[in-house]
Amino acid sequence: MKSSITACPLDCYDACSIVYDEGKLRAFKDGHTHGFLCPHMNHYKRHLRITTPRYKGQAITMDAALEKLKEILDANLKSETLHYRGSGNFALMQGVTDHVFAQMGTYLTNGSLCDGAGEAGIIEGRGSNKNMPLSEIAKSEVVVFWGRNPHVTSSHLLPLIKDKTIIVIDPVKTKIAKMADLYIQIKPHTDIFLAMLLYRFLHIEDSCDDAFLQKFASEHEEYYELTQTIRIKAILEDIGMTLGQIGDFLHLVVGHKTAIVCGVGIQKYRDGADVMRAIDALAVGLGLFGKEGCGVAYLGDSKEAIAMPFDTKKAKKVSKVNTPFDEFKTVFIQGANPLAQMPDSNRVEDSLEHVENIVYFGLYENETSAVADLVIPAKTFLEKEDIRTSYSHNGMMMMHKQVESEIGISEYALAAYLAEIYSIELQSETAYLEHFKNHGVVKIDGSFEVENRQTIPYKDGFDTDDGDFVFLEEFEVPQKVQEDEFYLITPKFPTSLNSQFYRNENVYMHSSLGFREGERVKLLSSSGEVVLPVKINDDLRNDCIVIYSGTPGVNNLTSSKHSYEGKNAIYQENFVRIKKIN
Ligand SMILES: Nc1nc2c(c(=O)[nH]1)N[C@H]1C(S)=C(S)[C@@H](COP(=O)(O)OP(=O)(O)OC[C@H]3O[C@@H](n4cnc5c(=O)[nH]c(N)nc54)[C@H](O)[C@@H]3O)O[C@H]1N2
Ligand SMILES: Nc1nc2c(c(=O)[nH]1)N[C@H]1C(S)=C(S)[C@@H](COP(=O)(O)OP(=O)(O)OC[C@H]3O[C@@H](n4cnc5c(=O)[nH]c(N)nc54)[C@H](O)[C@@H]3O)O[C@H]1N2
Ligand code: SF4
Ligand SMILES: [Mo]
């Protein structure tokens with residue numbers, strides 16, 4: 001009999017198990033969800049989905065849509081076709097289309113709109129990206145939220161941290177900042193200085209974990225020298241901190257089981273990898289790796305320790321960050337809304353305009369479905385078989401089909417259709433699901449987890465060639481805003497999942513900037529402009545504005561350049577000017 005337990009498919013740290021019960025989604029009582037369902041899943045059924053396929057605005061049947069897809073794919077060379085897949089659904093079977101398109105000879109994408117810079121930094125320092133799971137954060141005494149907003153993006157962490165000492169480092173006074181034992185309202189893009197200063201004082205106070213450094217970080221003296229190049233007083237003033245706060249931080253952390261929980265907020269910059277490395281280096285100084293309840297959590301790799309059965313090796317790839325859509329005649333977009341979510345929307349729009357055929361395969365209407373020639377509705381996670389893993393815990397969750405529906409087509413069914421036409425070898429859906437499932441193991445407590453993932457990673461040293469941590473050897477001084485410019489902070493919004501669900505439509509700023517609530521202002525950057533109504537929020541610094549991810553037009557302002565490492569988007573590198581509209 002089919003189980004009614006499934007999992008949320010969304011790109012979210014928590015990766016919750018969910019109960020599907022007589023047409024309703026309910027929270028799972030056990031495990032980290034503690035019987036609590038977030039707004040996205042509470043309102044899931046209210047979001048109107050695309051029900052009918054269409055071509056050039058005309059409704060057609062699914063059979064006709066698939067026929068049309070074949071016609072479109074046959075009209076041009078496969079090397080003139082791009083398959084662009086986003087993160088609208090995080091379950092593993094989504095990737096089956098990558099396999100088929102790759103065998104057909106089309107282009108795929110690489111790079112990241114999300115966590116790539118931070119991940120590159122982690123890999124440079126530690127030799128691999130193994131994450132500290134939720135179950136270990138639960139055992140720590142001190143939790144440092146560094147560029148992570150748990151009330152919005154990882155709410156299931158909150159019950160785990162109730163009695164712990166909380167430190168928050170964020171330019172925005174978030175809900176967790178208001179509850180924190182120590183809050184540092186840091187100037188954006190200056191975390192690298194803070195992390196290095198903390199390391200320096202850790203060393204000066206003789207509070208480093210010397211035994212750990214001897215064993216796993218032989219270059220630590222050289223790194224200390226690098227931290228000495230920072231001018232303490234000038235930098236503290238610049239980033240908006242006092243020496244007292246440095247002391248407070250170290251006092252709260254040294255000698256305690258500490259989890260540094262980083263988010264993507266710290267790395268939406270060109271040097272995002274280096275920022276992450278400086279934070280990792282601080283954790284090394286504190287000896288936080290390989291010990292129970294200690295470590296650095298970030299977005300781990302949800303596919304860690306899973307051999308992908310989908311072969312994309314031979315496919316040529318273009319970057320997701322500045323995709324040259326105009327070099328392709330056909331672009332097949334799956335589970336993504338690039339017109340809203342990629343950086344530099346004006347560039348994306350211009351580039352997509354030159355494409356002969358845009359195919360959109362998704363659930364919801366959005367900026368991208370509006371310009372697509374062929375729209376193919378997908379099935380929801382309740383209507384197809386799938387399985388998922390997470391980037392913040394080690395669980396593996398089966399996602400059985402819960403309901404039959406006439407609407408849409410699953411990723412597997414679409415891949416099977418193409419495989420048949422183009423004579424591509426494809427295993428059965430069950431075989432792929434079994435393949436993934438075979439990477440799981442039942443733990444003593446009954447949970448089903450990915451096998452071969454370490455609960456406490458780096459116990460026996462780092463995964464670098466010699467087991468030693470690789471410290472940063474140099475760093476770039478980030479640019480500062482000029483007098484009439486502001487830092488753009490573009491984080492996640494509670495009721496949307498990027499551009500899905502209820503999106504925000506405002507710009508947030510401090511009252512001292514002199515704008516009125518509701519007043520429409522023009523925001524300009526070197527990439528473009530957008531007009532938005534003002535919301536006043538005195539939890540912001542007065543050198544920042546906030547426009548949430550998913551806000552229509554936010555990415556008119558962002559740059560399509562890459563991070564130096566990790567091929568990642570750099571949403572917060574551009575500065576913004578504000579103009580009154582008369
Ligand atoms: N409700 C909701 N949940 C989501 C998502 C969503 O859209 N909505 N998206 C999902 C996805 S795709 C991802 S990748 C995760 C990301 O989730 P998080 O990692 O939490 O990412 P953000 O909200 O982008 O940024 C987190 C915090 O970083 C802060 N920040 C910005 N700039 C800086 C800086 O220079 N220094 C420091 N120290 N902090 C800074 C922001 O103010 C914000 O509070 O969330 C997932 N969960
Ligand atoms: N300004 C700014 N821009 C950002 C960010 C930011 O913080 N600020 N965050 C970046 C980050 S971290 C990320 S991860 C990206 C995310 O950007 P995208 O990958 O574009 O993700 P979504 O906006 O969630 O849109 C995904 C679409 O997927 C479709 N979809 C959902 N489920 C399914 C399914 O089961 N099958 C199929 N075929 N389609 C489905 C829905 O129609 C939805 O509209 O945005 C990035 N863009
Ligand atoms: S969006 Fe996140 S918190 Fe909400 S149900 Fe899905 S995984 Fe859980
Ligand atoms: Mo993301």
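1. Helices (H or I, at least four residues) and strands (E, at least two) are DSSP runs numbered from the N terminus, and with that in mind, helix H6 (150-153) and strand E22 (496-497) each supply at least two residues of the shell around ligand 1. This is a predicted model, in which local features need pLDDT of at least 70 and side-chain atom pairs count only at pLDDT 80 or more, while totals for chains, interfaces and linings use all residues. Residues are numbered from 1 along each chain as its sequence is written, chains are lettered from A and ligands numbered from 1 in the order in which they are written, and side-chain values use heavy atoms, with hydrogens and water left out.

2. Around ligand 1 there are 34 residues, of which Tyr-13, Asp-170, Asp-191, Ser-496 and Asn-498 come nearest; a residue is near a molecule if one of its heavy atoms lies within 4 Å of it. By class, this shell has 17 nonpolar, 11 polar and six charged residues, where Ala, Val, Leu, Ile, Met, Phe, Trp, Tyr, Cys and Pro count as nonpolar, Asp, Glu, Lys and Arg as charged, and the others, Gly among them, as polar.

3. An N or O atom in the side chain of Asp-191 is 2.7 Å from a nitrogen atom of ligand 1, and one in the side chain of Thr-153 is 2.8 Å from an oxygen atom of ligand 1. Of the 920 Å² of accessible area that ligand 1 has on its own, the protein covers 99%, with areas taken from the Shrake-Rupley method with a 1.4 Å probe.

4. In the largest nonpolar core, which has 62 residues, Trp-146, Leu-194 and Phe-249 touch the most other members; such a core is a set of buried Ala, Val, Leu, Ile, Met, Phe, Trp, Tyr and Cys residues joined through side-chain atoms within 4.5 Å, and buried means under 20% relative accessible area (1.4 Å probe, protein chains only). Helix H8 (residues 191-204) gives the largest share of this core, 10 residues. A second, separate core of 57 residues includes Leu-10, Met-62, Phe-310 and Met-396.

5. The residues around ligand 3 include Cys-8, Cys-12, Cys-16, Cys-38, His-40 and His-156, and by class its shell has seven nonpolar, two polar and one charged residues.

6. His-510 lies in the loop between strand E24 (507-509) and strand E25 (520-524), and His-510 is buried, with a relative accessible area of 18%. Leaving aside its neighbours within four places in sequence, His-510 is in contact (heavy atoms within 4.5 Å) with Asn-537, Asp-538, Leu-540, Arg-541 and Asn-542.

Terms used. A polar contact is a pair of N or O atoms within 3.5 Å; within protein, one must be able to donate a hydrogen and the other to accept it, and residues adjacent in sequence count only if both atoms are side-chain atoms. Buried means under 20% relative accessible area, exposed over 50%, partly exposed in between (1.4 Å probe, protein chains only).
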